[in-house]
Structures are given as C-alpha cells and as structure tokens.
Number of protein chains: 2
Amino acid sequence: MIVDEQLRLEERPDPAPQGGEVVVAAGYAGINPADLAQLAGRYPAPPGSPPDVPGLEVAGRVVACGGQVRDWQIGDRVFGLVGGGGLADRVVVHERHVVAVPDRLEDEEAAAVPEAFLTAHDAIVTQAGLRPGDVLLVNGASGGVGTAAVQIGVLAGARVFASVRSEDAARRLADFGAEVVGQGDAVARVRSAGGADVVLELVGSPNLSGDLEALATKGRIVIVGTGAGEEGPLSLRALMGRRGRILGTHLRARPLEEKAAAVQAFGHDVLPFLADGRAHGIVDRVFPAEQADEAFEYMARPGKFGKVLLGF
Amino acid sequence: MIVDEQLRLEERPDPAPQGGEVVVAAGYAGINPADLAQLAGRYPAPPGSPPDVPGLEVAGRVVACGGQVRDWQIGDRVFGLVGGGGLADRVVVHERHVVAVPDRLEDEEAAAVPEAFLTAHDAIVTQAGLRPGDVLLVNGASGGVGTAAVQIGVLAGARVFASVRSEDAARRLADFGAEVVGQGDAVARVRSAGGADVVLELVGSPNLSGDLEALATKGRIVIVGTGAGEEGPLSLRALMGRRGRILGTHLRARPLEEKAAAVQAFGHDVLPFLADGRAHGIVDRVFPAEQADEAFEYMARPGKFGKVLLGF
C-alpha cells in the first residue's frame with residue numbers, strides 16, 4: 001500500500017531480511033489513526049521506515065529469516081510492531097519486535113491485536129502503572145485501543161469505567177466487564193467510585209478538565225489520542241491538588257530497543273489472556289486491500305467497534 | 001503566630017507530645033507561599049493540623065518526647081516538616097518527620113532548610129527521577145525551593161539551567177554551578193544542551209508552553225509553584241511528541257506516612273551535602289516574630305534570594 005497524498009496498491013519486490021530481521025507474510029493488516037495522519041501529510045514516517053508505505057503492525061507467518069535470527073523459523077506465526085511498512089502482504093520486522101501468535105487466534109483476529117493491545121498495555125500498565133484495585137477510566141473505549149484497554153484493565157484486576165457514545169458499543173463493553181458511562185455522567189460515576197487512578201484518554205483535549213476532575217489522588221492521565229482536539233486549558237492548581245500526572249505517549253517513533261521492550265512486556269503480561277480466550281482481538285470490518293481508499297474513509301468516521309483491517 | 005484573616009502573635013500553652021511526637025523549641029521559623037495563601041483564606045490547614053497557626057516546617061531543639069519516641073532525646077537538634085503550626089517557638093512534630101541537624105549549621109541556616117530542600121528534593125529526585133547527566137531547568141530559581149533545587153541538581157550530577165530575573169540572583173546561582181538563563185533565551189539554551197530531562201516549574205502557567213518546548217524526549221515537568229498563573233493552554237500533541245510528563249505535586253497535605261518517607265529520603269540523599277558544606281540553607285532576611293505582618297508582605301513581593309524567616 002503506497003501513500004503519496006493518495007493511496008494505491010502497487011507490486012514491489014519482496015523485502016529481504018537483514019541480520020536479525022524476519023520477513024512475515026501477512027493475510028491482513030490493521031489500519032491505525034497514525035496511518036490516516038500520514039496519508040494527510042501531517043505525520044511523516046519515522047526514521048528507518050519505508051517513507052511511502054504506512055502501517056504500524058504486522059501479523060502473519062515467517063517466510064524468510066536474516067542470518068542472525070535466533071528466535072524464529074520459517075513457518076512460525078508471529079505478530080508485533082513495525083515503524084512503518086505494515087500495510088503490505090510482505091513485511092520485514094526485527095525478530096524482537098514480534099511474539100508468537102497463540103494457536104487459538106485465527107489470522108483475522110490476530111491481525112486486530114498488536115498495535116491496539118500493545119498501545120493499551122504500554123499506556124495503562126507500563127506508563128501509568130495500573131495496579132489491581134485501581135479505578136481505570138477509558139475515554140473513547142470503542143476503538144481498537146479502547147476495546148483492548150478495557151479488556152486488559154478488567155483482567156489486570158482494575159475496576160474499569162468505559163466512556164462511549166453508542167448503545168451497541170456500551171452493551172459489548174459491559175460484556176467485557178466494564179461499567180459503561182456517558183460523557184454526562186462519567187466524572188460523577190468515577191468520583192463516586194473513589195476517583196480514577198488511571199485515565200486513558202483516547203479522545204483528546206475536550207476531556208482534559210473532566211479527566212482532572214475525575215482523578216484520584218496521585219492519579220495518572222495517559223494521553224494516547226487527540227482526534228477531538230489537540231490543545232486545551234490545563235489547571236495546574238487542580239493537577240497539584242490531586243498530585244496528578246499527565247503522560248504523553250506514543251509507540252510509533254520510539255527507538256528500536258524501546259519498541260522491543262514494549263513488545264516483550266506485552267508478550268509477558270497480555271499474551272496469556274489472548275491464548276486462553278479471556279481476551280479477544282476485536283475486528284470491526286475487513287476491507288479488501290484494493291478498497292483501501294474506502295477503508296481509510298471508513299476508519300476516519302466515528303462509531304466503529306474494534307479494528308479496521310485490510311485483507312490481502 | 002495566629003491567622004484568622006489577620007496575623008497576630010499570641011501566647012498559648014506549650015503543646016504536649018503524644019505517642020511518637022516530640023516538642024521542638026525553635027528560634028526561627030520559615031515562611032512559605034502556602035502560609036500566605038492560608039492567610040488569604042484560599043488554603044485551609046490540612047486535616048489534623050492547628051487550623052489557625054500556619055507554618056509548614058520546624059528546626060530547633062527537642063524539649064519534650066512522647067512515650068513512644070525512639071529516635072530522639074531532649075536536647076537533640078532536629079528539623080523537618082509539619083502539616084501546620086510551624087510559625088511558633090514550640091512546635092509538636094512526629095519523630096519520623098524530622099532528621100538530625102548537621103553540626104555545621106547554625107540555627108538560622110538550619111531554619112532555612114527543611115521545606116525548601118525537601119520540596120526541591122522530592123520534586124526533582126523522588127517525583128521526576130533526576131539522574132546524573134540529566135539536564136535540569138529550574139524556573140524561578142531565586143526563592144527558597146529554587147536555590148535548594150539548583151544546589152541539589154548540581155550536586156546530584158545534573159547540568160542545571162537556572163532561570164531568574166535579577167542580576168544579583170544570577171551571580172549567586174552561577175556560584176552554585178548553574179548556567180543562568182533569562183526568560184528570553186531559556187528555551188533555546190536548554191534545547192541546545194539536548195533539552196530538559198526535568199523542568200522544575202516554580203513560576204506557573206505562563207511558562208508551560210516554553211517548558212514543553214524545552215523538554216527532551218521523555219522529559220518531566222514538575223509543577224510546584226503557580227504564583228504567576230494557575231491555568232494555561234496545554235498542547236497534548238506536543239506532550240505526546242516528546243513522550244513528556246507533567247507532574248503536579250505538593251508536600252503540605254500528604255498523609256503522615258508519605259511525609260515521613262519524604263523526610264527520610266531527604267535525610268539520605270541531601271543531608272550529607274549540608275553536613276559537609278557543599279550545600280547551604282539560604283536566608284534572604286529574618287524578621288522578628290512581632291513584625292510578622294511585614295514579613296508576610298515582604299514575602300509576597302518578588303526579588304528575594306532564599307528564605308524569609310521569623311525569629312522568636
């Protein structure tokens with residue numbers, strides 16, 4: 001999938017693996033908001049990634065290994081993170097940036113997992129330090145990262161409040177064990193539970209003052225998505241009063257070693273839930289790669305539940 | 001020192017120590033911005049503290065011990081934190097909320113240490129995780145906390161930039177080993193040093209966007225003072241781009257065990273520098289307790305270097 005102001009599908013030679021890299025043959029590829037931003041010209045590819053092929057994740061079968069690869073053999077099923085180049089049926093990735101796909105997961109479900117679950121896990125567990133008994137508020141809980149965060153939060157022993165707009169999403173998030181709140185009652189409901197130890201903010205600046213109001217003493221707000229607004233007023237006094245923290249984070253432009261650390265931590269903390277069926281990769285819709293334009297347009301609209309995938 | 005809209009000096013019975021408490025006879029007491037806010041009615045005393053006697057710190061000699069006190073004997077010189085009641089010549093304090101005053105420090109210098117050094121140490125080391133080799137920017141470096149933070153930062157192996165307005169303060173901070181910057185060149189100078197790993201913000205919201213601009217990848221901005229403004233615009237996008245963190249903190253209303261932990265950490269990390277003369281409590285001016293009104297007015301004006309004390 002090539003991006004230069006426009007999207008088009010193009011034949012290119014298969015990538016060759018260097019050193020510790022493997023080549024993965026993928027049947028599906030997840031689309032992410034960052035891919036939309038890259039297409040719009042607002043978010044150049046990170047250094048070392050293909051400049052014109054977006055896509056931040058990979059799931060598939062190893063078809064070639066570099067000379068220094070130690071963990072994988074041809075035929076292994078793997079999924080994980082790439083800095084770019086993920087929207088393709090052959091993807092080159094460092095062997096420490098993928099982990100084994102559990103047998104339970106079909107290819108389609110597996111393709112819905114890596115970026116969503118890694119981002120959610122890194123944000124709420126690694127960055128914000130979610131602990132059992134914590135109250136977690138997920139704002140914008142129906143997307144890929146949101147549905148992953150709700151599942152991880154519940155399974156990690158937190159009391160999870162999920163803020164969404166649609167009735168259908170509310171029902172499905174309640175099935176995951178979340179208490180569903182709307183924009184109107186989120187702050188009051190979370191405060192009556194003692195306040196949020198962690199807020200995962202996937203919507204943006206319009207929520208910031210409510211997030212602070214909902215925050216428990218020493219609570220952490222992790223900013224992962226800003227689709228509804230990138231800048232807003234912050235009350236430093238309220239932040240001090242709560243002894244709160246606001247954390248900005250992203251996975252995309254991290255250096256190799258930090259990406260590897262995030263993937264391995266996901267493998268340790270989250271993979272067991274996916275392997276035994278307590279957590280699920282959530283697919284909203286699959287578009288044939290030839291209809292990538294349509295997939296990107298669909299991706300930009302609200303109301304999805306889980307991930308949008310391209311099928312090759 | 002009694003506060004009920006007005007200040008007045010009043011005779012009261014000496015406090016009696018309970019359990020693990022000691023009574024300290026103090027020759028001097030440090031004034032803090034929170035005391036001014038309390039006087040202005042904007043900041044009620046924390047629970048369990050005398051409601052009408054402000055003062056957040058104590059330095060002096062133990063004159064009475066509760067029955068469960070294990071660390072101290074009558075005559076020991078101690079300094080540390082109280083939730084309130086510090087502006088008095090007899091102060092009751094839990095034994096784990098004080099540490100021993102090094103022999104080198106006269107009473108006046110000792111009285112300038114606790115709140116300033118504890119706040120600075122807790123903010124930049126404990127909360128923000130300052131490490132050797134880090135770049136530290138202290139905004140508003142000439143006050144009690146600022147002068148302490150510059151000294152601690154330099155002695156902990158950081159490269160310290162100190163932002164101040166007065167020429168005299170600039171000279172004295174340079175003597176501590178800081179690189180002095182002004183409001184105009186702070187961001188550019190800090191960025192050319194690789195960006196700030198830690199920003200200690202003692203001025204307030206007008207600095208927030210500059211702090212973010214000056215921040216290194218994974219940098220932390222710790223908000224301790226908001227005298228110049230309590231609310232300002234925050235770019236979530238910039239925060240995410242830097243993977244930065246904004247931390248709100250205060251010592252005053254922390255629970256007992258957290259105050260004890262902060263005091264003991266200060267005792268471990270900072271006391272050796274004060275004991276051997278590499279760090280100094282900085283006294284700007286001492287007012288007789290009878291002139292507390294004047295001292296509070298002086299305290300509210302800019303241009304001080306170090307602490308304002310009352311003498312009993």
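**A tour of chains B and A**

Select B:Glu115: this residue is buried (under 20% relative accessible area, with a 1.4 Å probe and protein chains only), yet has no salt bridge, and the nearest side chain of opposite charge, B:Lys307, is 6.8 Å away. A salt bridge here means a side-chain nitrogen of Lys or Arg within 4 Å of a carboxyl oxygen of Asp or Glu. Lys and Arg count as positive, Asp and Glu as negative, while His and the chain ends are not counted.

The model is predicted: local features need pLDDT of at least 70, side-chain atom pairs count only at pLDDT 80 or more, and totals for chains, interfaces and linings use all residues. Residues are numbered from 1 along each chain as its sequence is written, chains are lettered from A and ligands numbered from 1 in the order in which they are written, and side-chain values use heavy atoms, leaving out hydrogens and water.

Stay on B:Glu115, which belongs to helix H3 (residues 114-127) of chain B. Helices (H or I, at least four residues) and strands (E, at least two) are DSSP runs, numbered from the N terminus.

Next, select residues 21-25 of chain B, strand S3, where four of the five residues are buried. S3(B) pairs (at least two DSSP bridges) with strand S7 (residues 90-94) of chain B in the antiparallel sense, over five bridges. Pick B:Val24 to find its bridge partner in S7(B), B:Val91. S3(B) also pairs in the antiparallel sense with strand S5 (residues 57-65) of chain B, over four bridges. There, B:Val22 has B:Cys65 as bridge partner.

Finally, go to A:Gly194, in the loop between helix H6 (186-192) and strand S12 (196-201) of chain A.

Key
Buried < 20%, exposed > 50% of the residue type's maximum accessible area, 1.4 Å probe, protein only.
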